[in-house]
Amino acid sequence: MDTPELPPPPAPDGPPAAPPDGYQVKLEVFEGPLDLLLFLIRKKKIDIHDIPIAVITREYLDYLNRKDRINLDREAEFLFMAALLIYIKSQFLLPREQPLTEEEDPRKPLVDRLLDFQKIRAASLLLKEKEDEQLQVWKRTALPPLPAPVEEGLDLIEVSLFDLAEAFFAILKKREYDHHRLLKGKDISLEDKMKEIIDILRAKTFIDFLEYLESQESLEEALVSFFCLLELIKSHIVIAVQEQLFHTIKVWLRKDAPRMKTP
Amino acid sequence: MREHLKEIIEALVFISVEPLTPGRIKSVLTDVTEDEVKQAVAALQAEYEGPGHGIRIVATAGGYQLATKPDYDPQVRRLLQIERKSRLSRAALETLSIIAYHQPVTQAEVNALRSVADSSFTLHTLLQRKLIKISGRKKAPGSPLLYKTSEDFLIYFGLNDLSELPSQEEIARILEQENNAET
């Protein structure tokens with residue numbers, strides 16, 4: 001798992017300065033093992049293209065041993081890197097008939113990854129600068145959004161899959177509590193459900209997304225309805241819109257909808 | 001150039017929340033070319049950049065928007081009573097740069113480049129903030145989802161299009177600075 005929000009991230013040019021009484025860092029300030037390796041390489045002023053594996057492995061393991069808090073999820077990534085370092089070191093110990101060429105250097109894959117990672121980090125620092133610039137710029141966001149050029153001129157926001165899914169999961173959560181009894185097997189087919197939805201739409205012109213899912217008898221039925229709605233949206237038969245942000249989601253039949261194959 | 005073109009464009013940009021593209025402006029006006037629109041916008045921009053204006057017209061995500069000048073950020077904040085805007089976490093920024101430069105990418109590719117076991121939390125946050133979007137599935141075992149940066153990504157970082165991302169040279173310069181700073 002990713003750590004959601006990290007405590008103050010290290011300054012762009014490296015983790016915070018070491019306190020005078022010895023070196024202390026928290027595991028959490030490093031995003032991953034490459035981050036830590038890069039930091040150690042810098043600290044030891046090592047040439048990234050010619051890493052003394054023995055030195056860096058010792059530093060790395062020392063670091064892993066020193067930290068007191070263990071987050072098992074993140075730990076695995078750091079241990080994996082430790083294993084990789086030891087493996088690379090072992091490669092150097094093997095007797096060889098011929099000296100290794102540059103391409104065969106067991107450090108090469110790791111160095112390539114470090115170089116890539118270094119670039120990504122530099123790019124993210126540049127993006128951060130842009131973010132800082134943009135944070136001082138304000139734009140108005142409260143005006144009505146532009147109507148989509150093709151849609152029938154309604155002032156509506158088409159909702160994304162995430163809005164729908166979020167609304168749906170909110171219902172699931174709510175329902176968790178009142179549905180502990182075993183459900184009798186009632187088979188609901190996607191097709192029947194789709195027809196049902198279209199029939200309702202023809203009669204009532206729109207469906208309130210939340211209300212409709214909530215009115216379903218069982219969780220299973222709600223799930224099927226949800227998939228039906230997704231399918232109908234995907235095939236451009238219905239459209240899910242909000243009048244404004246945070247308003248209820250309504251499902252409409254599209255005027256230009258392709259005919260449903262109803263018998 | 002058509003009469004009042006500058007004024008008309010100013011009015012249209014003023015009333016749009018989303019970046020207004022030259023194409024969209026052209027579709028409202030009957031007898032102008034896109035080039036004329038661009039010229040008029042350039043003239044407007046030049047006027048706004050001069051003294052006497054607290055706002056300017058910025059080009060972002062392929063369109064134009066009105067935005068306050070950074071100098072007046074403190075006053076705007078005081079008016080809106082906003083202490084500071086939230087920033088993206090380091091994990092989010094790194095993940096975004098990976099996606100921006102390697103798009104479309106799968107989660108596994110993001111994980112590998114970041115050397116972390118699981119980026120799903122960060123990806124989910126970025127999806128929710130609409131800074132990235134799912135662009136399809138990769139034709140590979142398990143058909144994993146592919147991620148791309150969104151239009152909101154461009155707006156968030158004030159970029160007109162992806163070609164305005166920091167270039168390889170800029171990245172190299174940053175790396176050099178870092179190395180020099182420490183040796």
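Reader: Which residue in the turn between β1(B) and β2(B) has a positive phi?
Author: Ala61(B), with a phi of about 50 degrees. This is a predicted model, and in it β1(B) and β2(B) form a hairpin with two residues between them.

Reader: How many bridges join those two strands, and do they run parallel or antiparallel?
Author: Six bridges, and the strands run antiparallel. Strand β1 of chain B covers residues 55-60 and strand β2 covers residues 63-68.

Reader: What is the bridge partner of Arg56(B)?
Author: Ala67(B), in β2(B).

Reader: What does the rest of chain B hold, in helices and strands?
Author: Chain B has nine helices and four strands. Along the sequence the pattern is α-α-α-β-β-α-α-α-α-β-β-α-α.

Reader: How much of chain B is buried?
Author: Of its 183 residues, 30% count as buried. As for contacts in chain B with a separation of 6 or more, 49% come from residues 24 or more positions apart.

Reader: Switching to chain A. At what angle do α6(A) and α8(A) cross?
Author: Roughly 70 degrees, with the axes coming within 9 Å. Helix α6(A) spans residues 190-204 and helix α8(A) spans residues 219-234. The two are therefore roughly perpendicular to each other.

Reader: Is the crossing left-handed or right-handed?
Author: Right-handed.

Reader: Which residues in α6(A) meet α8(A)?
Author: Leu190(A), Lys193(A), Met194(A) and Ile197(A). Their counterparts in α8(A) include Val224(A), Phe227(A), Cys228(A) and Glu231(A).

Reader: And by class, what does that contact have?
Author: Eight nonpolar residues, one polar and two charged.

Conventions:
Residues are numbered from 1 along each chain as its sequence is written. Chains are lettered from A and ligands numbered from 1 in the order in which they are written. This is a predicted model: local features need pLDDT of at least 70, side-chain atom pairs count only at pLDDT 80 or more; totals for chains, interfaces and linings use all residues. Axes are lines fitted to C-alpha atoms, for helices over the stretch in contact, and angles run from 0 to 180 degrees between N-to-C directions. Angles under 35 degrees count as roughly parallel, over 145 as roughly antiparallel, 65 to 115 as roughly perpendicular and the rest as oblique. A crossing is left-handed if the near helix is turned anticlockwise from the far one by less than a right angle, and right-handed if clockwise. Two residues are in contact if their C-beta atoms, placed from the backbone, lie within 7 Å. Ala, Val, Leu, Ile, Met, Phe, Trp, Tyr, Cys and Pro count as nonpolar, Asp, Glu, Lys and Arg as charged, and the others, Gly among them, as polar. Two strands pair if DSSP finds at least two bridges between them. A residue is buried if 20 or more other C-beta atoms lie within 10 Å of its own, exposed if 12 or fewer, and partly exposed in between; C-beta atoms are placed from the backbone.
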